[in-house]
Amino acid sequence: MTSIKNELTGAWKLLSYIEISTSGADSFFPLGNNPNGILIYSADGYMSVQIAGTDDKDESLLEDSVKYSDINYRNFLFFSGSYHIDNRQATVIHDVITSVTPALIGKTVERDVTFEADILYLKSTRPILSNGKMVNSYMTWQRMDKPDLSQRKDRLANRSNHKISIL
């Protein structure tokens with residue numbers, strides 16, 4: 001039997017992020033219907049997660065630093081730190097070292113872990129407060145393929161044509 005840590009180690013792309021109210025109210029997509037995200041678990045016990053909402057693609061925001069900062073703060077979930085596994089409970093415990101939300105620094109974020117082939121399901125182990133409501137959060141991730149070096153070089157070459165200045 002393989003351990004949860006062995007299964008977690010690597011890079012994952014977000015498929016969905018939904019919150020379900022404990023009061024029975026409608027489910028909610030806190031970062032929109034199609035957020036982008038990447039979750040990385042290293043073999044040496046560190047992790048990082050970044051999720052960005054993609055519903056607001058107004059490029060004029062790049063020209064207004066106040067609006068840019070506000071929209072990005074509200075549409076972005078980020079934290080990183082160390083992690084450890086409770087194999088008996090099938091949970092991963094994240095010890096937050098840095099976060100876009102300062103109140104999260106020094107706290108732990110615990111998730112139930114389930115796998116199905118190359119799909120990872122993470123669920124909050126207890127209700128959390130989100131947008132003034134108690135919810136359970138559900139994230140679905142898919143293991144990312146290792147990048148092909150020749151494809152990375154092609155992507156980098158194409159990016160040079162799409163440079164923009166950000167604030």
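Student: What should I know about the numbering and the model before we start?
Tutor: Residues are numbered from 1 along each chain as its sequence is written, and side-chain values use heavy atoms, with hydrogens and water left out. As this is a predicted model, local features need pLDDT of at least 70 and side-chain atom pairs count only at pLDDT 80 or more, while totals for chains, interfaces and linings use all residues.

Student: How many helices and strands are in the protein chain?
Tutor: The protein chain has three helices and nine strands. Both are DSSP runs numbered from the N terminus, helices being H or I with at least four residues and strands E with at least two. From the N terminus on, the order is α-β-β-β-α-β-β-β-β-β-β-α.

Student: How do β2 and β3 pair?
Tutor: Strand β2 (residues 36-41) and strand β3 (residues 46-52) pair in the antiparallel sense over six bridges; pairing requires that DSSP finds at least two bridges between two strands. Ile 40 stands opposite Ser 48 in β3. The two strands form a hairpin with four residues between them, and Gly 45 in the turn has a positive phi of about 95°.

Student: And what joins β3 to β4?
Tutor: Seven bridges do, and these strands run antiparallel. Ile 51 has Leu 77 in β4 as its bridge partner.

Student: Is Ala 117 buried or exposed?
Tutor: Ala 117 counts as exposed, at 77% relative accessibility. This residue lies in the loop between β6 and β7 (119-124) and has a positive phi of about 55°, although it is not a glycine.

Student: Switching topic: which residues have the most contacts inside the largest nonpolar core?
Tutor: They are Leu 39, Tyr 41, Leu 120, Leu 122 and Trp 141, in a core of 21 residues. Such a core is a set of buried Ala, Val, Leu, Ile, Met, Phe, Trp, Tyr and Cys residues joined through side-chain atoms within 4.5 Å. Leaving aside neighbours within four places in sequence, Leu 122 is in contact (heavy atoms within 4.5 Å) with residues including Leu 39, Tyr 41, Val 92, Arg 111 and Trp 141.

Student: Where is Asn 136, and is it buried or exposed?
Tutor: Asn 136 is in strand β9 (residues 133-143) and is buried, with a relative accessible area of 16%. Not counting residues up to four places away in sequence, Asn 136 touches Ile 18, Glu 19 and Lys 123, among others.

Student: What is the volume of the largest pocket?
Tutor: About 810 Å³ of space lies in the largest pocket. A pocket is an open set of points on a 1 Å grid over the protein atoms alone, where a 1.4 Å probe fits, with protein on both sides within 12 Å along at least five of seven lines; lining residues have an atom within 4 Å of a point. The volume is the space filled by probe spheres set on the points, which are joined across faces, edges and corners.

Student: Which residues are closest to its centre?
Tutor: Of the 25 lining residues, they are Tyr 17, Leu 77, Ile 128, Leu 129 and Ser 130. The largest share of the lining, four residues, comes from β6.

Technical notes
Buried < 20%, exposed > 50% of the residue type's maximum accessible area, 1.4 Å probe, protein only.
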